[in-house]
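Me: I would like to learn how to read a model of this kind, one feature at a time. Could you give the general idea first and then the case at hand?

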Amino acid sequence: MSSPTLKIHDASLSFGARRLWSHLNLLVEPGEFVAVLGANGSGKTSLLRVILGEQRLTSGTVAIAGRPARRGSGEIGYVPQQRRVDPLTPLRARDLVGLGLDGHRWGIGWPNPGRRRRIDALLDRVGAAGYADRPVGLLSGGEQQRVRIAQALVAGPRLLLCDEPLLSLDPQSQSATTALVDQSRRTGDTAVLFVTHEINPVLPYADRVLYLAGGQFRAGTVDEVLNSSTLSEMYRTPVEVIRSHGRILVAGLPEMSGHEGHETNYALGAP
Ligand SMILES: Nc1ncnc2c1ncn2[C@@H]1O[C@H](COP(=O)(O)OP(=O)(O)OP(=O)(O)O)[C@@H](O)[C@H]1O
């Protein structure tokens, strides 16, 4: 039997006396879309860093396609937390995508027809072919996000990690970005871990949800995790999950202080 794309087994992560999460178990199969939700500071980005081999677990194991997590794994595509690219950056959209193929080497890859075809195919697939030769810093936030997703996918990863890819995008670009990631997992069988505070744009696509809060986690279908009793239990205070016209609204999330972060009323976001 083949290995799952991602297997996290009995994993715990602490920084000093502070425990982010413990005894975390998660299996992600090819093509699965898992939304990673939770309070600010609950350890979502740290989880991605563990999978990327950039952060050691306190205990437990993490394997990608049966092999231990390691830095620079070609099995993983990564869309880091969004920062606008400086308008003066002298890179075209196609150069940024090319970095996904050979960015670990010094300089921009040597042109060759195969490399170019692959980059063009990815730009086309994400709907960015029309601005392939434009400086990436002059593209809109949504356009830059398409190019970043193309960069993360160009090497054909088994696992795509997206860290808040919807941040500062307008509702239309949020929907387009999630649809694009969804299309990639369907056509390429790429498994997806999608960290977001904006639950509603991912609701149509998420097979499962991993929710982190207060040092705990819950994993399951949207219905199993995003309900009043589960979230009230995790936050140890009454939290109400309201469903209306296919959207989810979460009311009563506690204001968290210090390292726990602050209120995450993500459900009030985009349509
Ligand atoms: N290397 C480190 N050393 C010490 N503390 C760290 C380290 N990395 C992260 N932390 C702390 O761990 C906590 C979790 O951080 P992380 O970025 O994983 O949270 P998050 O859930 O992604 O938060 P947000 O939703 O606000 O982006 C934070 O309080 C952060 O300061």
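Me: Which order do the strands of the open sheet of 4 strands have, and is the pairing parallel or antiparallel?

Reply: Two cautions come before the sheet. This is a predicted model, in which local features need pLDDT of at least 70 and side-chain atom pairs count only at pLDDT 80 or more, while totals for chains, interfaces and linings use all residues. Residues are numbered from 1 along each chain as its sequence is written. Helices (H or I, at least four residues) and strands (E, at least two) are DSSP runs, numbered from the N terminus, and two strands pair if DSSP finds at least two bridges between them. Here the order is β2-β1-β4-β5, with antiparallel pairing. β2 and β5 (67–68) stand at the edges with a single partner strand each, so one side of each has no neighbour in the sheet.

Me: How many bridges join strand β1 to strand β4?

Reply: Strand β1 (residues 6–15) is joined to strand β4 (residues 59–64) by 5 bridges, and the two run antiparallel; within this pair, histidine 9 stands opposite threonine 61 in β4.

Me: How should I describe the packing of helix α2 and helix α3, and at what angle do they pack?

Reply: Two packed helices are described by the angle between their axes and by the distance between those axes. Axes are lines fitted to C-alpha atoms, for helices over the stretch in contact, and angles run from 0 to 180 degrees between N-to-C directions. Helix α2 (residues 93–102) and helix α3 (residues 113–125) pack at about 110 degrees, with axes 10 Å apart. Angles under 35 degrees count as roughly parallel, over 145 as roughly antiparallel, 65 to 115 as roughly perpendicular and the rest as oblique; α2 and α3 are therefore roughly perpendicular.

Me: What is the phi of histidine 23, and is histidine 23 buried or exposed?

Reply: Most residues other than glycine have a negative phi. Histidine 23, in strand β2 (residues 18–28), has a positive phi near 50 degrees. A residue is buried if 20 or more other C-beta atoms lie within 10 Å of its own, exposed if 12 or fewer, and partly exposed in between, with C-beta atoms placed from the backbone; histidine 23, with 12, is therefore exposed. Glutamate 164 also has a positive phi, of about 50 degrees, and lies in the loop between β7 (159–163) and α5 (171–188).
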